[in-house]
Amino acid sequence: MELAQKLRKLDVFKILPEKKSNFKVWMGQFSPELDFPTETVPTRKYVVTSTPRSGSHFLGHLLYSTGAAGYPIEYFNKRNVPHWKERFPGPHYFRDVQKKRTSANGVFGMKLHSEQLSPFRDYCADDLQESLSDYKFIFLTRKDKVAQAVSYSRALQTGSFISDVSEKQTFDYDETQIEQCLGEIMYGEMAWRKFLSIVPGRTIEIGFEDLRNNPENTMNQIFEFLGISHGAADLDISFLKQRQSDALNAQYRDRFIEAQQKELC
C-alpha cells in the first residue's frame, strides 16, 4: 500500500499547461520550395503517430529526403492550420496541401500528435473525400521517456522544437515541468495505443533509438510496410549531425531520475 501511494504522487496523466510554452512556429514548412515539382493526387496515405520529442521531425526529414514518401509534418497542429488556410483559402484546403506535398509515386504522409487526431477527424467529417480508413500508421516511440521529457522541457522553455529554430533563452532545470512533460508523453502514447488497437493490420511500430542508430534498416522496414518500391540509398542522414540534445540534457535527465528515486524510496 505504501508503494502504491508513492506511485500515485507521480500523477503521470498531468497535462502541461500551454502557457508555459515559448513555442515558435517554424515558418519554413509552408514554403512552396518544399512542394514537390508536380501536383499529384495521393493514392497511398500514411500517418506518423507520435508524441513530442520522439524523433518524429527527424523521421519526417528522412522520409522526405527520399523523394518517395511525401513530406510528413504536422498539417493539423492548431498553430499551423491558419498558415495553411492562408496559403490555400477555402473549406477544403487540405486537398490542396496534399496535391503539393504528395510525391510523384502517389504517396502522401503527415504527422499527428494525439491531440491533433480530433481536428483531423473533424476535417474528415466536413470533407467526405477524406477518411481515416485510407491511412496506414507508423507509430514512433522512444524508450528513454525521461530523456524525452527533458528534451520536451527544453523545447518549451527555449521555443526551439527543431534545429532550424534558434533557442530564445537558456534551458534551466525545472523538476515540476519535466514531471509534467513526462506525464503528457505517457498520456499521449497511451492514447495512441488505444486508437491503434482498433486498426489492426495497418500499423507498424518504430523505435526512435533504432531509427537513430540504423536509419537505413528502419527506413527499409517502413518502405516495405507502405509498399514503396524504393531503397534507402538516397537518405539524407546529415540531419543526424543537428541533434539538439547535449550534455546539459543528460545532466538534467540524471538529476531528475535521482530526485524521483529519493522521493519514491
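**Exercise 1. Is Cys124 buried or exposed in this predicted model, and on what value does the assignment rest?**

Solution. The model is predicted, not experimental. Take the cut-off: a residue with under 20% relative accessible area is buried. Cys124 has 11% relative accessibility, so Cys124 counts as buried. Apply the cut-off to Cys181: the value is 0%, and therefore Cys181 is buried as well. Then check for disulfides, which require cysteine sulfur atoms within 2.5 Å. The count is zero.

**Exercise 2. Find which residues of helix H5 are buried and where they lie around the helix axis.**

Solution. Start with the list: Leu117, Phe120, Tyr123 and Cys124 are the buried residues of H5. Viewed down the axis of H5, these buried residues fall within an arc of 120°, so they line one face of the helix. The general rule behind such a pattern is that an α-helix has 3.6 residues a turn, so residues three or four places apart point the same way. Next take the face turned away from the buried side of H5: Ala125 and Asp126 are the exposed residues there. Last, look for the cover. H4, S2, S3 and H7 are among the elements that cover the buried residues of H5.

**Exercise 3. Describe the largest nonpolar core and the elements that build it.**

Solution. The largest nonpolar core holds 32 residues, and Tyr75, Phe76, Tyr93, Phe94, Met110 and Phe120 have the most contacts inside it. Two or more residues come from each of these elements: helices H3 (81-87), H4 (93-101), H5 (117-126) and H7 (175-196), and strands S2 (107-113) and S3 (135-141). H5 gives the largest share, four residues. In general, nonpolar side chains tend to be buried together in soluble globular proteins.

With neighbours within four places in sequence set aside, Met110 is in contact with Tyr46, Val47, Val48, Pro72, Ile73, Tyr75, Phe76, Phe94, Phe120 and Tyr135.

**Exercise 4. State the volume of the second largest pocket and identify what lines it.**

Solution. The volume of the second largest pocket is about 160 Å³. Its lining consists of Phe76, Lys78, Val81, Lys85, Gly90, Pro91, Tyr93, Pro119, Tyr123 and Asp126. Sort the lining by element: H3 and H5 each supply at least two residues. The largest share, three residues, is from H5.

Note on methods
Residues numbered from 1 in each chain as written. Predicted model: local features only at pLDDT ≥ 70, side-chain atom pairs only at ≥ 80, totals over all residues. Heavy atoms only, no water. Buried < 20%, exposed > 50% of the residue type's maximum accessible area, 1.4 Å probe, protein only. Core = buried A, V, L, I, M, F, W, Y, C linked by side-chain atoms within 4.5 Å. Contact = heavy atoms within 4.5 Å. Arc of directions from axis to C-beta. 1 Å grid on protein atoms, 1.4 Å probe; cavity = no way out; pocket = protein on both sides within 12 Å on 5 of 7 lines; lining within 4 Å. Points joined across faces, edges and corners; volume = space filled by probe spheres on them.
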